[in-house]
Amino acid sequence: MNILFVGMTGVYHPFVAAKLFTGEIKKTDYRIAISGLYELEICGRPIFVGTDDMNNRVYVLGGGPDPAMAKTSIDQLVDILGFSSADFIVKVVKIKHDLFLMRLFRLTHLLFFRRTIHSIALWIVKKELQTLEKQVLAFKSQLVCTASEQ
Amino acid sequence: MKIIYHCFGGSHSSVTAAAIHLGLLDKTRVPTGEELMKIPFYDKTTDADFGTIRFMGKDEWENEIYVLGKKSMGDRYSNILMGVAEVLEVEDQLIVVNCMRWVNWGMKLGGFTSRRLGFPFIGRPVVTRGTQRAFMQLIKVVEQTKSNIIKQASTG
């Protein structure tokens, strides 16, 4: 299965949520990973993060100001292309300051500020880590329920 | 193959392009306002339709034609949809066409007045005139898309 975490921007809170999901957050210095994803985020394609213990492939995506709209389109596209939620599932990740994070990310084209911006973003994401953990846990249990139903 | 035409509201330029593709409009002349209003979804969408991929019909090669409104997401939305198709390894089965480049001020202003402000009696004549002005350019977009389909089918 492919799992896509979507936020307004893909590289901050969805990325950390994806890492929490795959269980890599403890062994990864995600500060480095976040900085390296700039070019990939800009083009708007899903970014591969890793695989979980069930061998599901995990991606992140910046869905813009309305990630719920992106989810609607992707869910429908998956269906149109002849696949189902067993092949591709989208999880929208929300935190308190996600709109601010998206605007902040837009400033990262200024190379000079990039490091500072990522540090601010990281500080915000760390403050919201509990919210992210709750969302990831709820999503995991939802996946288990769906799998047992099938 | 699946072809998705998209624009801001999925209500005017994308719908007109899809109608041209499906042969619902005569390509030899500019359509009348009445003919445009007969196209499914033309100036009929609501805010709830944003992000919804709507089926318009099948073309002469049995390709499925869809329309989509994606707000001001630009080409990024094409990349998102193509990216998902790539993850599923069916990118050769999808063509995504952004119609925003051919949207003129008449379409923007008329579309906004009709769909967002909810005054179709004011906005509709303006957006219709705008669509008629953009019609020949939309034909070119569709022809380019059709040649891409042929190319993709021959390489696939």
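Reader: What is the order of the 4 strands in the open sheet of chain A, and what kind of pairing does the sheet have?

Author: In general, the strands of a sheet pair through backbone hydrogen bonds, and the pairing is either parallel or antiparallel. In this predicted model, the open sheet of chain A runs in the order 2-3-1-4, and its pairing is mixed.

Reader: Which strands of chain A stand at the edges?

Author: Strand 2 (47-51) and strand 4 (88-92) of chain A each have a single partner strand, so one side of each is left without a neighbour in the sheet. Between neighbouring strands of this sheet the average turn is 25°, with direction ignored.

Reader: In which sense do strand 1 and strand 4 of chain A pair, and over how many bridges?

Author: Strand 1 (residues 2-7) of chain A pairs with strand 4 of chain A in the parallel sense, over 5 bridges.

Reader: Where is Tyr38(A) found, and is Tyr38(A) buried, exposed or partly exposed?

Author: Tyr38(A) belongs to helix 3 (residues 38-43) of chain A. A residue counts as buried with 20 or more other C-beta atoms within 10 Å and as exposed with 12 or fewer; Tyr38(A) has 15, and is therefore partly exposed.

Reader: How many residues does each chain bring to the contact?

Author: Chain B gives 20 residues and chain A gives 22 residues. On the side of chain B that touches chain A, the largest share, 8 residues, comes from helix 3 (residues 74-87) of chain B. By class, that side of chain B has 12 nonpolar, 5 polar and 3 charged residues.

Technical notes. Residues numbered from 1 in each chain as written. Chains lettered and ligands numbered in written order. Predicted model: local features only at pLDDT ≥ 70, side-chain atom pairs only at ≥ 80, totals over all residues. Contact = placed C-beta atoms within 7 Å. Helix = DSSP H or I, 4+ residues; strand = E, 2+ residues; numbered from the N terminus. Nonpolar A, V, L, I, M, F, W, Y, C, P; charged D, E, K, R; others polar. Pairing = 2+ DSSP bridges. Axes fitted to C-alpha atoms, helices over the stretch in contact; angles between N-to-C directions.
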